[in-house]
Amino acid sequence: MRLTLKIWRQANASAKGSMHTYEIDGISPEESFLEMLDELNEQLTAKGEDPVAFDSDCREGICGMCGLMISGQAHGPEVTTTCQLHMRSFNDGDTITVEPWRADAFPVVKDLVVDRSAFDRIIQSGGFISANTGSAPEAHSTPVPKPKADRAFDAATCIGCGACVAACPNASGMLFMGAKITHLGELPQGQAERGSRVRAMVATHDGEGFGGCTNIGECAAACPKEIPLDVISQLNNDLRNSGKYLR
Amino acid sequence: MAVTGVIFVLFVLAHMYGNLKLLSGQLAFDEYAHHLRVFGEPMLPKMGLLWIMRIVLLVSVVIHAYAAFTLWGRANNARSTRYAVHKMAQASLSSRFMRWGGVTILLFVIFHLIHFTIVKPNINADYTQAQIDASPYIMATASFKIWWVVLIYVLAMIALGMHINHGLWSATQTLGWANSPSARATAKGIALIVAALTVVGFLIPPLAVAFGLIAK
């Protein structure tokens, strides 16, 4: 496959970036998107140019490290992570635009790498349960109804990649936050801190400079783990009832 | 935003019901308009109910617009560098038109209040100002015999319908009432039905006048 790549290049956090165009040939449709970028970087390095910086880790779609805006869509045209996106999803001769996640809460570190520690700070402010650690308790000591366990598990599949923020027209982190609120709120262990959790997480989210949710639904469509939009309703419900949970 | 939006939807439905009385003729419509002014007397003063509604709506407009412009500003600040290419995956036309649609509706409401409440200008030369001031029925039907007035109202009602279509479903999310896929589908369905009902219900009287079905 022969491709034209338009890639955002930015030397560091304070530098002014711009789009650069690269031509690449001989790409196999079986390659992943990141392998294609690896090939580009090999060619750039051979020419003595600075390779394109991008995040990746497991390359199995489970760590949440990779994430690129590919031709205007978070993680590209398929419902998956960037590492699990394959070149067969593109056509020979395509022009592909590659940009970092755009949100002021996710500042660009270099090229396509953004700093997502704002998500960590949201989790630190309330996305946990204050339980004693140690040996795991007997699994059946705290019964959880099956539908609640299923919903908690589905919400817990969030890998924190930030595609929801990247795809959101408001650059809001509500789907990410809603996933954690729903995950812990459905389980008995999450009840003690249910009221304080939602208040603290929303305050941190807003303070980090994320936008507000207007229920457009682009987040859920972009989510590689298919977290549904109802976690945002759940978050709003928990926030509205937070006074009751605190009593 | 959600609570004030629901207040507007309830008002709009009541308003639409009143408008449909145009189909019952001059006597019924003028009596309805008069009754609105003396509603609740003697418990309420003359125009009492009307002023309570006006104050509630005015306060709601201020809160709704303040929340909307705050969200708009936050969205701009949250993404100061825009994407070179950005494709929407599934966003409805209604949801994309929320902000400018809201501004459109606000401007229309100002026009509408000048048109039928504050100034009541006579824009149809076939009628006199005295006739228009004497009968709300004449006031409305005289205006809707002019094509560009009808066009303004048709466009405004389409904007309103789109705003309700996304707004009502969005309100159920904000109020935390769409906590499952089935609840989400129901909320979206109800929003679409209310939006369609609003557009059709509001456009029946002006179009009936424009096409000469009533008030010939």
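In this predicted model, B:Lys120 is partly exposed, with a relative accessibility of 24%. That value lies between the 20% and 50% limits, so B:Lys120 counts neither as buried nor as exposed. B:Lys120 sits in the loop of chain B that runs between α5 (98-118) and α6 (129-134). Phi of B:Lys120 is near 50 degrees, a positive value in a residue that is not glycine.

A positive phi also occurs in chain A. A:His75 is not a glycine, yet its phi is about 65 degrees. A:His75 belongs to the loop between β4 (73-74) and β5 (95-99) of chain A. A:His75 is buried, because its relative accessibility is 0% and the limit for buried is under 20%. Most residues other than glycine have a negative phi, and most peptide bonds are trans.

Chain B also holds a cis peptide bond. This bond joins B:Glu41 and B:Pro42, with omega at about 0 degrees. B:Pro42 lies in a loop of chain B, between α2 (26-38) and α3 (48-78).

B:Arg184 is part of a helix, α9 (residues 181-210) of chain B. Its relative accessible area is 19%, so B:Arg184 is buried; the limit is under 20%. Setting aside residues up to four places away in sequence, B:Arg184 touches residues of both chains. From chain A, these are A:Pro228, A:Leu229 and A:Asp230. From chain B, they are B:Trp169 and B:Ala178.

Chain A is assigned two domains: domain 1 (3-110) and domain 2 (116-129 + 144-246). Their C-alpha centres are 28 Å apart. In the contact between them, 18 residues of domain 1 of chain A meet 21 residues of domain 2 of chain A. Together the two domains of chain A bury about 1,400 Å². Carbon and sulfur atoms carry 64% of this area. Three residues, A:Val79, A:Ala105 and A:Phe106, supply 38% of the area that domain 1 of chain A buries against domain 2 of chain A.

One salt bridge is counted between domain 1 of chain A and domain 2 of chain A. The side chains of A:Arg116 and A:Asp55 form a salt bridge, at 3.5 Å from N to O. Five residue pairs are in polar contact between the two domains of chain A, both residues at pLDDT 80 or more. On the side of domain 1 of chain A that touches domain 2 of chain A, 11 residues are nonpolar, five are polar and two are charged.

How values were computed: Residues numbered from 1 in each chain as written. Chains lettered and ligands numbered in written order. Predicted model: local features only at pLDDT ≥ 70, side-chain atom pairs only at ≥ 80, totals over all residues. Heavy atoms only, no water. Helix = DSSP H or I, 4+ residues; strand = E, 2+ residues; numbered from the N terminus. Buried < 20%, exposed > 50% of the residue type's maximum accessible area, 1.4 Å probe, protein only. Contact = heavy atoms within 4.5 Å. Domains from an automatic or database assignment. Buried area = accessible area lost by both parts, 1.4 Å probe. Salt bridge = Lys/Arg side-chain N within 4 Å of Asp/Glu carboxyl O. Polar contact = N/O pair within 3.5 Å; in protein donor to acceptor, adjacent residues only side chain to side chain. Nonpolar A, V, L, I, M, F, W, Y, C, P; charged D, E, K, R; others polar.
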